[in-house]
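Please read it with the structure open beside you.

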Amino acid sequence: MGYEKFVEIGRVAFVSAGPSKGKLAVIVDVLDQNRALVDGPCSGVARHVANFKALQLTKYVVKVGPGARTGTVTKAWTKADITSKWAETSWAKRQEAMAARAVMNDFDRQVLKAW
């Protein structure tokens, strides 16, 4: 069984660190072996340079060219229907559950534990 998720232009990645933590972005250009230019107009990620250590690759790829503009990325994102596909994954559901538990107070945790 070989590796299936490669760093490539158009690969959708989950941002795990920084100001856009917890959002999805598309790799628009690979700058060097440590950094990539990412853009996520549909998920609220501003176009910026991100370190690969702060990105987790997903199984989704959109068709964009190198250095694609934000409008092109938006069209490709909606055409591939990435937002709804991501919402169906167990990864996204786990992120939502973790966010819900993070805002719980003591009473909510006790009620959850009692069930």
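The points below go from the overall layout to single residues.

1. Overall layout. This is a predicted model. The chain has four helices and five strands. From the N terminus, the order of elements is β-β-β-β-β-α-α-α-α. The C-alpha trace spans about 50 × 35 × 30 Å along its principal axes. Of the 115 residues in the chain, 32% are buried. Among contacts with a separation of 6 or more, 45% join residues 24 or more positions apart.

2. The sheet. Five strands make an open, antiparallel sheet, ordered β4-β3-β2-β1-β5. The edges are β4 (45-51) and β5 (55-61); each has a single partner strand, so one side of each has no neighbour in the sheet. From one strand to the next, the twist averages 40 degrees.

3. The β1/β5 pair. These two strands pair in the antiparallel sense, over four bridges. Look at Phe-14: the residue opposite is Gln-56 in β5.

4. Arg-11. This residue sits in strand β1. Is Arg-11 buried or exposed? Its relative accessible area is 4%; under the 20% cut-off, Arg-11 therefore counts as buried. A polar atom of the Arg-11 side chain lies 3.2 Å from the backbone oxygen of Phe-6. Leaving out residues up to four places away in sequence, Arg-11 touches a list of residues that includes Glu-4, Lys-5 and Phe-6. Also among them are Ala-25, Val-26 and Ile-27, as well as Leu-57, Thr-58, Lys-59, Tyr-60 and Val-61.

5. Helix α1 on the sheet. Helix α1 lies across β1, β2, β3 and β4, and runs at about 130 degrees to β2. Which residues of α1 (residues 70-80) are buried? They are Val-73, Ala-76, Trp-77 and Ala-80. These residues are on the same side of α1, because the arc they cover around the axis is only 105 degrees. Lys-75, Thr-78 and Lys-79 are exposed on the other side of α1. The cover over the buried residues of α1 includes β1 (11-15), β2 (24-30), β3 (35-40) and α2 (82-87). After α1 comes Asp-81, with a positive phi near 55 degrees.

6. Nonpolar cores. The largest core has 17 residues. Those that touch the most other members are Val-12, Leu-24, Val-26, Val-62, Val-64, Ile-82 and Trp-86. Two or more residues come from each of β1, β2, α1, α2 and α3 (90-102). Helix α1 gives the largest share of this core, four residues. A second, separate core holds 11 residues, including Ala-25, Ala-36, Ala-50 and Phe-52.

7. Ile-82. What does Ile-82 contact, apart from its neighbours within four places in sequence? The partners are Val-12, Leu-24, Tyr-60, Val-62 and Trp-77.

8. Helix α4. How many of the nine residues of α4 (residues 106-114) are buried? The number is zero, so α4 lies largely in the open. At the start of α4, Asn-105 makes a contact: a side-chain oxygen of Asn-105 comes within 3.3 Å of the backbone nitrogen of Phe-107.

Notes. Residues are numbered from 1 along each chain as its sequence is written. This is a predicted model: local features need pLDDT of at least 70, side-chain atom pairs count only at pLDDT 80 or more; totals for chains, interfaces and linings use all residues. Side-chain values use heavy atoms; hydrogens and water are left out. Buried means under 20% relative accessible area, exposed over 50%, partly exposed in between (1.4 Å probe, protein chains only). A polar contact is a pair of N or O atoms within 3.5 Å; within protein, one must be able to donate a hydrogen and the other to accept it, and residues adjacent in sequence count only if both atoms are side-chain atoms. The arc is that of the directions from the helix axis to the C-beta atoms. Contact means heavy atoms within 4.5 Å. Two strands pair if DSSP finds at least two bridges between them. Axes are lines fitted to C-alpha atoms, for helices over the stretch in contact, and angles run from 0 to 180 degrees between N-to-C directions. A nonpolar core is a set of buried Ala, Val, Leu, Ile, Met, Phe, Trp, Tyr and Cys residues joined through side-chain atoms within 4.5 Å.
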